[in-house]
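Have the viewer open and follow along.

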Amino acid sequence: MGDKAEVPSRRSVLGWGGAGLALGAAAAGGTVAALGDDGDGTTPVAESGAAVPFHGKHQAGIATAVQDRLHFAAFDVKTKDRAELIELLKEWTEAAALMTQGHPVGQGAYGGIVEAPPDDTGEALGLKPSRLTLTVGFGPSLFDGRFGLEGKRPKALVDLPKFPGDNLDPARSGGDLCVQACADDPQVAVHAIRNLARIGFGKVAIRWSQLGFGKTSSTTPDAQTPRNMMGFKDGTRNIAGTDTENLRKHVWVSEKDGPDWMAGGSYLVARRIRMNIETWDRTSLKEQEDIFGRTKGEGAPFGKKREHDEPNLKAMPEVAHVRLAHPDTNGGAMMLRRGYSFTDGTDGLGRLDAGLFFLAYQRDVRDSFIPVQLNLARRDVLNEYIQHVGSAVFAVPPGVRTDSDWWGKALFSEGA
Ligand SMILES: C=CC1=C(C)c2cc3[nH]c(cc4nc(cc5[nH]c(cc1n2)c(C)c5CCC(=O)O)C(CCC(=O)O)=C4C)c(C)c3C=C
Ligand SMILES: [Fe+2]
């Protein structure tokens, strides 16, 4: 770690340094969030330039307010050395704590030894913290015996079953580790993943990654609900970041769920879902609305007027997406959705390679994603227009509590 006094931070570059933060932000035309986080990682931070606290009971990037952009990366661990993996996780934690607060990594992008590559790649210099959150997860393959973790695999970290209609590309699926980087500025999110990958050179390698734009779910229901690539409001009935009761019941792993090292964590399902956009665009408005069971303009459930009116499932076709996904159809199953739209150019046949990068957090995938997706995969009329082409599941540990804590410390400690 270098001397921060010698190195310009992303904030000090903007004149935001130290105690003059609020004043400097105002002078720079920026905003400072009321960071009243009580350490439980759930306080939504609304202002888009601000920093989201890194330390807390839960990792940020789950119940915290959803940012506009995503860079998600799944990594394969290349080293066979447990100590080297631990060292990497410590270095990653230190870098993540800096970057999320708007600082460059290590000695920064310049000003260090000129004969060596700079510690930070530099493309985020001058940019605001942009509500960057970095959320780490551990995939089932990390517990395969290479690192002495085979006895520590949570029972809830199951391999997802093959669902009807799945057309999964192994090159876009799985991973030993993942990092979800969300920010309001795409350059800030990309910078974060790039620097973590650079720190991990020789120890980990990116297996696959996904860029996302236009959040398709919100954890702040008071904000305007975003629309997905099919033009529908998406995230209307999501678990809000302030809904402590549903977060406790459906998102956070409790102490009695076990294992101990996962208490306060969650399980993440990631699915790359390709949309058949050209066919969708030739579908009548009535059919589009029947598919979801909601109106396209207001987003109101069938038979009701306003978006947030309580849905009457019987007013929707039996195979409507919302009817089939609703908790009442799935024994009360709920999850916190946090997905993003993606467009990765065209597919060589002139069709847009676009869709939804679905991300959902839950207390146990066996009670949430798996039963809901089984129901959808078997019956959802939306399936005519979508295909699941990538898949991964991760155990997302609790938050990093202090400066001496690090991502995975409890997992790697004896007896946890
Ligand atoms: C297994 C879980 C789900 C997958 C996969 C999924 C894919 C998917 N969804 C949309 C668009 C919409 N989904 C909506 C609601 C909704 N979807 C799920 C779950 C999955 N969706 C749930 C649990 C819900 C909420 C149901 C409820 O409680 O009413 C909506 C309506 C607006 C909203 O409430 O968010 C839309 C629109 C797409 C396009 C898609 C795959 C590409
Ligand atoms: Fe959905």
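Two residues are in contact here if their C-beta atoms, placed from the backbone, lie within 7 Å. Keep in mind that this is a predicted model.

## Alanine 263 and its loop

With that cut-off, and skipping residues up to four places away in sequence, alanine 263 touches Val253, Ser254, Glu255 and Pro398. You'll find alanine 263 in the loop between α5 (244-250) and β5. Tryptophan 252 sits 11 residues from alanine 263 along the chain, and their C-alpha atoms are separated by 7.5 Å.

Is alanine 263 buried, exposed or partly exposed? A residue needs 20 or more other C-beta atoms within 10 Å to be buried, and 12 or fewer to be exposed. Alanine 263 has 18, so it comes out as partly exposed.

Proline 259 also lies in the loop between α5 and β5. For context, most peptide bonds are trans.

## Around the ligand

What surrounds ligand 1? The shell counts 28 residues, and the closest are Phe232, Thr236, Arg237, Ala325 and Leu356. Sorted by class, 15 of the shell residues are nonpolar, eight are polar and five are charged.

Four elements each put at least two residues into this shell: β5 (266-275), α8 (321-325), β8 (352-362) and α9 (369-379). Of the contributors, α9 gives the most, with four residues.

## The annotated stretch

An unreviewed UniProt entry annotates residues 225-400 as "domain: Dyp-type peroxidase C-terminal". In the model, that span is 20% helix and 23% strand, and its end C-alpha atoms lie 30 Å apart.

In soluble globular proteins, nonpolar side chains tend to be buried together. The largest nonpolar core in this model has 99 residues. Helix α3 (residues 82-100) supplies the largest share of this core, eight residues. The members with the most contacts inside the core are Cys178, Ala181, Ala189, Ala192 and Leu268.

Setting aside neighbours within four places in sequence, leucine 268 is in contact with Gly137, Leu359, Tyr361, Val393, Phe394 and Val396.

Valine 188 lies in helix α4 (residues 186-199). It is buried, because 26 other C-beta atoms lie within 10 Å. Apart from residues up to four places away in sequence, valine 188 touches Ala124, Leu127, Ser130, Leu132 and Ala183. Arginine 69 is 119 residues from valine 188 in sequence, yet their C-alpha atoms are 9.2 Å apart in space.

Arginine 131 isn't a glycine either, and has a positive phi of about 55 degrees. Most residues other than glycine have a negative phi.

Why does serine 130 count as buried? Serine 130 has 28 C-beta neighbours inside 10 Å, so it passes the cut-off of 20 or more. Arginine 131 has 29 C-beta neighbours inside 10 Å and therefore counts as buried as well.

How values were computed. Residues are numbered from 1 along each chain as its sequence is written. Chains are lettered from A and ligands numbered from 1 in the order in which they are written. This is a predicted model: local features need pLDDT of at least 70, side-chain atom pairs count only at pLDDT 80 or more; totals for chains, interfaces and linings use all residues. A residue is near a molecule or strand if its C-beta atom, placed from the backbone, lies within 6 Å of it. Ala, Val, Leu, Ile, Met, Phe, Trp, Tyr, Cys and Pro count as nonpolar, Asp, Glu, Lys and Arg as charged, and the others, Gly among them, as polar. UniProt positions are given in the numbering used here, feature names are shortened, and annotations may be inferred rather than shown by experiment. A nonpolar core is a set of buried Ala, Val, Leu, Ile, Met, Phe, Trp, Tyr and Cys residues joined through C-beta atoms within 7 Å.
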